[in-house]
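Biologist: I would like to learn how to read the packing of helices in a model. Could you take me through it step by step?

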Amino acid sequence: DVEFTKAEKAELEVLATLYGALQALDSLEWASINGVQQCEKEMAGLLDTCAHLQKVVQEKMGDVNDALAQYGFQVPEMARQRLAGRTKRSGVAAAIYEAAALGVTISDFLSLGGEASSMDSLVPALKDMLRYQQEAGAEGTNSYKIVKSWVDKLAARPASDVLSMDESRQMKMELEDAANQFRIWTQSHA
């Protein structure tokens, strides 16, 4: 059995609370990507909580990232960016956000059908999604491979060509799987 001193227990409680707040922040970021209303307002309150907890951790334990890593807490990249005080997404966090947002946009295109599911709508969005996944470091993941396979299939078709209903359904199903895999990847590669 591991015994912790009173001070160690207090430090762990603060770290666990901060980690929980960062996980909630990450969930709100993903909800925001998926168009859920009120996320920015909720994130503002959570950012205040995280800022307070970050200050407490810094005073007691030094560098926040080191303290979290010491106890095995893996902070998702978008939350890590927010923790660093960046109110705008940048770098890897921006790439993750943009790749995920494009997944939602492409899914919307497929739901609308018709001109929205034409090659000149889908291929540029899919290529952008690939580029953002590369910037996030996700090249070679299953998510990346799924998106790339659709780019390869569709890029050779005429710009005015429109997906059939069956193709749209198949693509939507595969891209939803890719989106889920991408989210899991982002959480495991913090």
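Biologist: Is the crossing of helix 5 and helix 8 left-handed or right-handed?

Modeller: A crossing is called left-handed if the near helix is turned anticlockwise from the far one by less than a right angle, and right-handed if clockwise. Here, the crossing of helix 5 and helix 8 is left-handed. Please keep in mind that this is a predicted model, in which local features need pLDDT of at least 70 and side-chain atom pairs count only at pLDDT 80 or more, whereas totals for chains, interfaces and linings use all residues. Residues are numbered from 1 along each chain as its sequence is written, and side-chain values use heavy atoms, with hydrogens and water left out.

Biologist: How many helices and strands does the protein chain have?

Modeller: Helices (H or I, at least four residues) and strands (E, at least two) are DSSP runs, numbered from the N terminus. By that rule the protein chain has 8 helices and 0 strands.

Biologist: At what angle do the axes of helix 5 and helix 8 cross?

Modeller: Two packed helices are described by the angle between their axes and the distance between the axes. Axes are lines fitted to C-alpha atoms, for helices over the stretch in contact, and angles run from 0 to 180 degrees between N-to-C directions. For helix 5 (residues 91-112) and helix 8, the axes cross at roughly 165 degrees and come within 10 Å. That makes helix 5 roughly antiparallel to helix 8, given that angles under 35 degrees count as roughly parallel, over 145 as roughly antiparallel, 65 to 115 as roughly perpendicular and the rest as oblique.

Biologist: Which residues in helix 5 meet helix 8?

Modeller: Contact means heavy atoms within 4.5 Å. On the helix 5 side there are Ile96, Ala99, Ala100, Ile106, Ser107, Leu110 and Ser111, and these meet Ser168, Met171, Lys172, Leu175, Glu176, Phe182 and Thr186 in helix 8. By class, this contact of helix 5 with helix 8 has 8 nonpolar, 4 polar and 2 charged residues, where Ala, Val, Leu, Ile, Met, Phe, Trp, Tyr, Cys and Pro count as nonpolar, Asp, Glu, Lys and Arg as charged, and the others, Gly among them, as polar.

Biologist: How do helix 6 and helix 8 pack?

Modeller: Helix 6 (residues 119-136) packs with helix 8 (residues 165-188) at an angle of about 15 degrees, and their axes are 13 Å apart. That makes helix 6 roughly parallel to helix 8, and helix 6 passes helix 8 in a left-handed crossing. In this pair, Leu122, Leu126, Gln133 and Ala136 in helix 6 meet Met171, Leu175, Phe182 and Trp185 in helix 8. The residues of this contact of helix 6 with helix 8 divide into 7 nonpolar, 1 polar and no charged.

Biologist: Why does Phe182 count as buried?

Modeller: Buried means under 20% relative accessible area, exposed over 50%, and partly exposed in between (1.4 Å probe, protein chains only). Phe182 counts as buried because its relative accessibility is 3%. Leaving aside neighbours within four places in sequence, the contacts of Phe182 include Trp30, Ile96, Gln133 and Ser143.
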